[in-house]
Each structure stands twice: as structure tokens, then as C-alpha cells.
Amino acid sequence: MCNSRPRIIAVDFDGTLCENKYPDIGAPIPTVIEFVKRQKADGNIIILWTCRAGQQLADAVTWCKNQGLIFDYINENVKENVAMYGGDTRKVFADVYIDDKTLLPQQIIIKESNEMTDKEKKELTTAVATAVITEIDDAVANHVADNPNDGLDAVTYALDTVAKKYGIKYRRPLEMLTWDEIAEIAKSGKAAAHFRVGDTKDITLKSGEVITAVILDFNHDVLDSEIENTAGITFGIKGMLDGWFEMNASNTNAGGWAKSKMRTIYMQRIENLLPDDVHAVLQPVAKTTTKGGGSDEIEMTVDKLFLFSEVEIVGADATDGGNDEGEQYKYFEKPKNRVKRRGGAACVWWLRSPSAASATDFYLVIASGIVRYNGASSACGVSFGFCL
């Protein structure tokens, strides 16, 4: 329930309601006087809070009356507060103090901080950092003593423990989270507040091969059957899968991505290699691509795993019908991220876009990161994407 009691406002006299000419009374300060009068008219309690006493105080009170300012109390506490606390005090209690001598605690903190030397600031920062690191070390040691096989979980536990002590929320990095946890964050629509484009997490395939998933963008891909909703996170593979793959068995792009061997056979095989915890959280998304065979007509597929289109890699530099095949991912805005390596060497990798100028070719990214095209039966690398 909202507390609707009136505010108690204590206001000084000399230097506040009038210019400071003590023991005389200086010229009125109209802005302050009108503000206090308005506060009283709003139902607040006004206390005259001054060092004046005797005749000088009486003169000040008379002067205020002439200004149209009448006080509820003069140098004394509100009677309800005296009754509540069982006595009076020398300090007048108020919700607000108006005084030309006021110095707020926040002002003191800022002033003291500004006056600290760079050396003092560095020493203070080092001391705080050392204390926190020591606490984390202790928390890890204590946790490992009881849970010797926890490994990385021990660090996570320690960081969570220290964060709770200081009243902050520890943001665990992508690599430390389970795929279930990542999927929950993705579904919340707030993944960009937890992660960054370029964050990575390793995946061990059922074949034993280790690939690295990298965040390409947030809320980018449209979820299947939910045209107004998007997948929270789009991942890609930072490098390439082992092996070489063709888009089709023969040199044709007829049927486009939708009917390609890459989509109907290889993507299915790769999906089956994903560990169960990754497979369980995949979100099917709608992908648009030209039909191939020299056509610039667009068709939609629904995919859990997909190759990227030309425009999703190079954006406005796309050719043919690229502008209808999605939008560029944030990650690929940096040309260096378009280069895929295997064993340290940059390699050629496939895109799903058929060349509209040819009935035989699909687009691909060459070793320099530039988009070209080649015959569909050529053996090239595969770097796929998926969404949560």
C-alpha cells in the first residue's frame, strides 16, 4: 500500500529564504519562498529550521509572515514523531532539508573519488580484485574437496557463490552452459543480453569429431509455422566438417537447395551425428532459396541444419537473386569470419544458393573469403548452421 502521509520539510532562513546578512535580514529569495509555499499548499508540513533565537528569531518569523509563509513548527519536531519515539531530540527530523550549507553524502563520495590519485585508485582496484580472486580460490578449493571430479563445474560453483555474496548475477560464458540452458535463454528472446556474436562452444559429434559452434546472430531466422517469431540464436560452425562433399552427384543445380543431395542426404547424416543434447533443442527454421536450373523463382524450405545463402554471407554484395535469400548474419559482416580453415589451411566451402546464370553451379566461398561458384559435383567443404 502506498504511504500517503505528508512530507516533512525543514527549511533554513539565512542564505536560504533570504540573502545572508545575519544578524540583519537580507533580501528575499523569491524562488525558494514560492517553492516552500507551494509545498505547504500541497499539504506538506513545513518547519523553520534556523540558528536564530530570541528577538532575531521573532523578527525572522514576522518577516516570513509578511512574505505569506506560515510555518507548522519552528525549530521543533513534529508532535506525532515525538509521540512515536517517546521523546524529543535536538535534531529536527525531516524528509527534506533545504539549507544553503547542505553537502549530500553522494557529493562527498564523488568529491573524494575525484581527489584520489591514480596510484590510490590503482591500489584500491588491486586490493578489491585480489580479495575477490582469493574468495573464488577458496570457494573452488572447498568445493573440489567435496566434489573432486567436478572440474569446470567447480569454477562455475565458485563464481556463483561469490556473485551471490556481492548481490550480483554471474553471467556464465557460453562454454559453461548446457545446451538445455542455452535453449532456455534463446527462447526468452534475451540471448543478446547474455551472449555476444562470436561466442563459441565445442560440440563432440557421435563420430568423435569435435566441431566449434559460433554465434552468428540473434533473433534472425524465422521459426517454421511462426511467421512473426524468430529463433533466439543462430549458430554456425566456425571451421568445417572433416571430409569433402558435393552438392549433387552430377553437375546440375536443378531442384536447387530443396532437392539437392546436400540437403536430402548429407544434412540428414550430419544431423544424426549430433549429440542427443544438441539434437533435442534444434529449432526448424524457414529458409528461402532460388529453385536453380536457371530460375530466379524463390521457394521456402524448413530446415534444422542448413547451408548459408550468398546474401547471408556477403550482404549487399550478393549477386543474382541473393536479396531474396535472407539477410546477412552479423558474424559475417567481418570478412575475416568468412574464411574457413581446416588444419590451419583456408579451404573452399559450399553455400546453398544456386547460380541463376547457370544450370550447373552453386555458390561457394573460396579460401580468400570471396564468393564464387562452381559445378555442383565438385568436392568442397561444409560449414552448416542451426538455430535454437
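## Briefing on a predicted model

W49 is partly exposed, with a relative accessible area of 28%. This residue belongs to a predicted model, and its ring forms a tilted aromatic pair with that of Y97, at 4.9 Å centre to centre and with 55° between the planes.

**The W49–Y97 pair**

- The pair links distant parts of the chain, since W49 lies in the loop between β2 and α2 (54–66) while Y97 lies in strand β4, 48 residues apart.
- Y97, at 29% relative accessibility, also counts as partly exposed, as both residues fall between the cut-offs of under 20% for buried and over 50% for exposed.
- The model holds 14 aromatic pairs when ring centres within 6.5 Å are counted.

**The parallel sheet**

- Four strands form an open sheet in the order β3-β2-β1-β4, with parallel pairing, and its edge strands, β3 (73–74) and β4 (96–98), each pair on one side only.
- Strand β2 (residues 45–48) pairs with β3 in the parallel sense over 2 bridges, and the bridge partner of L48 in β3 is I74.

**Helix α2**

- Helix α2 has 13 residues and spans 19 Å from its first C-alpha to its last, which is close to the 18 Å expected at 1.5 Å a residue.
- The residues L57, A60, V61, W63 and C64 of α2 are buried, and, seen down the helix axis, the buried residues fall within an arc of 160°, so they line one face of the helix.
- These buried residues pack against α1 (30–41), β2 and β3, whereas Q55, K65 and N66, on the other side of α2, are exposed.
- The helix is followed by G68, whose phi is positive, near 85°.

**The β10–β11 hairpin**

- Strand β10 (residues 285–292) and strand β11 (residues 295–303) pair in the antiparallel sense over 7 bridges, with T288 standing opposite M300 in β11.
- The hairpin has 2 residues between its strands, and G293 takes a positive phi near 65° there.

**Aromatic cluster and lysines over rings**

- One aromatic cluster is formed by F306, F308, Y329, Y331, F332 and W349.
- K287 lies over the face of F306, at 4.3 Å from the ring centre, and K340 lies over the face of W349, at 5.1 Å from the ring centre.

Note on methods: Residues are numbered from 1 along each chain as its sequence is written. This is a predicted model: local features need pLDDT of at least 70, side-chain atom pairs count only at pLDDT 80 or more; totals for chains, interfaces and linings use all residues. Side-chain values use heavy atoms; hydrogens and water are left out. Two strands pair if DSSP finds at least two bridges between them. Rings of Phe, Tyr and Trp (its six-membered ring) pair if their centres lie within 6.5 Å; planes under 30 degrees apart count as stacked, over 60 as edge-to-face and the rest as tilted. Buried means under 20% relative accessible area, exposed over 50%, partly exposed in between (1.4 Å probe, protein chains only). A charge sits over a ring if NZ of Lys or CZ of Arg is within 6 Å of the ring centre and within 35 degrees of the ring normal. The expected span of a helix is 1.5 Å times one less than its number of residues. The arc is that of the directions from the helix axis to the C-beta atoms. Contact means heavy atoms within 4.5 Å.
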